[in-house]
Amino acid sequence: MPTPLRLLHALSADHRERLLGVSREVAFPEDGRIFEAGGTADRFWVIHSGTVSLDQEVVPGRRISVATLGPNDLLGWSWLFPPHRWDFGAEAFSPVRAYEFDAGEVRALCAEDPGLELSLTRTIAAILAHRLETTRAALIEHCARHGGGVR
């Protein structure tokens, strides 16, 4: 499986600086829910330290982890695509520090700078392709371990 792309590392120095200019540092406690599937996706994060589990509710009240994110990983992409609702939930596995970005501010920056928008969109698309691969593998493994047939 290819190595995941890191959002801030993939951007040019100018684009990275512009994006970081609208960020703020935040922290999440261990076991804290960061967002829930279906909620409004109005921000995203780049993890500075700690780990976050992306999860999906497969049956009511039962979530399975589909990915674990760590330092330099992008947390949240649903802000980029209407209807701007989270597709997964996220929970801090450990204390987490991250750069938080307001989606509206980032979309405004992109409207001012089409080069930033193109770079950001292409990088996030590459990250999503990698996540799709890892999520599919996690779900297949889960089904195999728990007797769910894969067809």
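Of the 151 residues in the protein chain, 38% are buried, buried meaning under 20% relative accessible area with a 1.4 Å probe and protein chains only. The model is predicted, so that local features need pLDDT of at least 70 and side-chain atom pairs count only at pLDDT 80 or more, whereas totals for chains, interfaces and linings use all residues. Residues are numbered from 1 along each chain as its sequence is written, and side-chain values use heavy atoms, with hydrogens and water left out.

The protein chain contains 4 helices and 8 strands, taken as DSSP runs numbered from the N terminus (helices H or I, at least four residues; strands E, at least two). Their order along the sequence is α-α-β-β-β-β-β-β-β-β-α-α. Along its principal axes the C-alpha trace spans about 50 × 30 × 30 Å. Contacts are defined by heavy atoms within 4.5 Å. Of those between residues at least 6 apart in sequence, 77% join residues at least 24 apart.

The lining of the largest pocket comprises 14 residues, with Thr-68, Leu-69, His-130, Arg-131 and Thr-134 nearest the pocket centre. A pocket here is an open set of points on a 1 Å grid over the protein atoms alone, where a 1.4 Å probe fits, with protein on both sides within 12 Å along at least five of seven lines; lining residues have an atom within 4 Å of a point. Strand β5 (62–69) and helix α4 each supply at least two lining residues, and α4 gives the most, with 5 residues.

Leu-69 is located in strand β5 and is buried, at a relative accessible area of 5%. Not counting residues up to four places away in sequence, Leu-69 touches Ile-47, Gly-50, Thr-51, Val-52, Leu-54, Leu-74, Leu-75 and Arg-131. The C-alpha atoms of Leu-69 and Leu-54 are 7.6 Å apart, with a sequence separation of 15 residues.

Asp-113 occupies the loop between α3 (103–112) and α4 (114–145). Asp-113 counts as buried because its relative accessibility is 15%. With residues up to four places away in sequence not counted, Asp-113 touches His-15 and Arg-18.

Methods. Buried < 20%, exposed > 50% of the residue type's maximum accessible area, 1.4 Å probe, protein only.
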